[in-house]
Amino acid sequence: MTLTKLNLIAGDWLAGESEIENRNPSDLSDLVGMFTQASADQLDATLDQARIAQAEWEAFGPERKQAVLMAIGTELMSRAEELGTLLSREEGKPLAEGKGEVYRAGQFFTYYAAECLRQIGENADSVRPGVEIDVRREAVGVVAIISPWNFPTATASWKIAPALCYGNAVVWKPANITPASAVALSEIIERQDIPKGLFSLVMGSGRSVGQRLVESPKVNAISFTGSVPVGKGIAAAAIQNLTKVQMEMGSKNALAVMDDADLDLAVTLALGGAFGGSGQKCTASSRLVVHAGVHDAFVEKLVAGAQAIKVGHALEAGVQMGPIVSEQQLQENLAYVDLGTSEGAELACGGQRLEMPHDGFYMSPGVFLNSTNDMRINREEMFAPLTSVIKVASYDEALSVVNDTNFGLTSGIVTQSLARATHFRRNARTGVVTVNLPTAGTDYHVPFGGRGDSSYGPREQGKAAAEFYTTVKTAYISAGTPV
Ligand code: NDP
């Protein structure tokens with residue numbers, strides 16, 4: 001019998017009102033586990049306890065907070081092999097990516113551990129004589145974190161670590177597709193020297209637990225990563241209580257390949273950016289904007305590279321692309337393949353469901369050629385191992401195509417021209433720009449976020465996270481004259 005994994009409610013591990021099963025998308029015969037689903041009463045109870053615990057935690061000295069975050073980060077890094085295997089087993093990314101994700105999650109905690117000691121305010125003289133001003137940041141309060149399945153440990157960590165660093169309580173609703181990684185991280189956090197109920201895990205469906213959480217007046221701030229429609233609904237709910245909100249919602253990232261590019265580098269970047277994590281990344285290179293001067297040579301190498309990608313069980317050695325996360329996501333991907341073809345794009349390779357020795361959600365990486373930027377496959381986030389080549393006649397046209405999108409998370413250029421690289425870096429309308437690097441893959445100590453439909457609210461990561469997880473207090477002090 002499989003033991004059901006529990007939620008962390010007001011500091012206690014509790015069963016909820018129902019449970020779900022979690023299966024390995026690489027092999028559906030592999031039951032990862034059973035996971036409880038929080039009830040509405042449990043959500044309210046944990047929010048009440050979080051409020052009490054937050055006041056206590058905020059009063060902890062910076063070294064005590066630093067020690068907590070450092071311990072979480074160190075444990076994640078030292079258990080990257082074990083927890084990365086669990087992550088790959090339930091999400092489907094190849095093992096190297098799963099281990100890398102857990103290690104990176106640890107780095108978010110160790111980075112913010114150090115930030116606990118660097119919370120320095122500002123001071124000023126008042127325009128009024130004899131008055132001094134002290135400006136400092138204080139915790140925002142109880143933070144709801146709603147995270148997606150594609151980076152189940154890293155995305156949650158880049159939200160939880162700054163939330164705790166800046167003195168907040170956290171109520172975390174992870175994606176229901178990847179609960180095992182959520183329980184593993186929560187077990188590590190719960191074991192630390194923190195007030196009872198400072199950190200809650202509320203597994204449950206987005207439509208019930210998630211919706212109730214974002215509608216709650218007991219929440220002071222909501223950090224969300226996921227789809228645009230859900231994000232818009234969360235923003236609408238948040239505004240009813242004037243709750244602070246921060247959202248990151250995917251993109252339609254373009255990689256521009258110029259006629260002076262190192263072609264092998266360009267192909268490597270395109271393949272990694274398009275098919276890493278089965279294309280299920282908000283930073284994926286889903287539009288390849290290619291200069292006519294190198295188009296044919298680039299496309300030949302790209303298609304050969306896509307066809308050579310080894311698709312298979314995420315935990316098998318040598319596998320470069322694992323399965324799609326779920327049957328629903330796979331069906332949506334296949335529908336996009338049909339859509340692209342019906343729109344007039346040419347499917348040069350892949351885009352098919354694959355039969356494997358294990359029963360899972362396998363699909364071959366697909367490349368569309370002769371696509372135009374007005375096609376839906378180039379306007380909507382597919383979140384699939386699919387990429388489209390758009391041929392352009394010049395650098396100027398490339399930049400204009402890159403910027404012609406409702407999204408704006410990342411963009412990249414492959415060129416050996418300093419002038420083009422510099423102009424692109426300054427004029428691409430995205431939150432992240434890369435030069436001779438993939439559109440996916442960012443650091444933890446600098447801001448992350450986008451423009452347009454990609455992001456809403458303050459940036460995440462690095463010192464920029466303070467903007468969301470704190471509120472500024474300006475104090476005026478008249479000390480009088482010493483006698
Ligand atoms: P969702 O936006 O539905 O899910 C993201 C998170 O929000 C999950 O934890 C989900 O819970 C939760 N959620 C869902 N509905 C609500 C709600 N009403 N109130 C509060 N929380 C809610 O994304 P999906 O996982 O369904 O993926 C669909 C598409 O979204 C993808 O194909 C992709 O295009 C995009 N996406 C983008 C991501 C990114 O990194 N920017 C990440 C994930 C998805 P639950 O899992 O229980 O439904």
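A polar side-chain atom of Asn150 sits 3.4 Å from an oxygen atom of the ligand, which is one of the polar contacts listed below (pairs of N or O atoms within 3.5 Å). The model is predicted, so to speak of local features a pLDDT of at least 70 is needed, side-chain atom pairs count only at pLDDT 80 or more, and totals for chains, interfaces and linings use all residues. Residues are numbered from 1 along each chain as its sequence is written, and side-chain values use heavy atoms, without hydrogens and water.

| Residue and atom | Ligand atom | Distance |
|---|---|---|
| Asn150, polar side-chain atom | oxygen | 3.4 Å |
| Gln211, side-chain N or O atom | nitrogen | 2.8 Å |
| Gly250, polar backbone atom | nitrogen | 2.9 Å |

Around the ligand there are 27 residues, and the closest are Ser147, Trp149, Gln211, Ser227 and Glu381; a residue is near if one of its heavy atoms lies within 4 Å.

Now to the open space. The largest pocket has a volume of about 1400 Å³. A pocket is an open set of points on a 1 Å grid over the protein atoms alone, with protein on both sides within 12 Å along at least five of seven lines, while a cavity is a set where a 1.4 Å probe fits but cannot get out; lining residues have an atom within 4 Å of a point. Volumes are the space filled by probe spheres set on points joined across faces, edges and corners.

Of the 45 residues lining the largest pocket, Trp149, Phe224, Gly226, Ser227 and Val230 lie nearest its centre. The elements that each supply at least two lining residues include helix 7 (206–215), strand 11 (221–225) and helix 8 (228–240); helices (H or I, at least four residues) and strands (E, at least two) are DSSP runs numbered from the N terminus. By class, this lining has 20 nonpolar, 16 polar and 9 charged residues, with Gly counted as polar.

Finally, is Leu76 buried or exposed? Leu76, in helix 2 (residues 62–78), counts as buried because its relative accessibility is 1%, and buried means under 20%, exposed over 50% and partly exposed in between (1.4 Å probe, protein chains only).

Technical notes: Polar contact = N/O pair within 3.5 Å; in protein donor to acceptor, adjacent residues only side chain to side chain.
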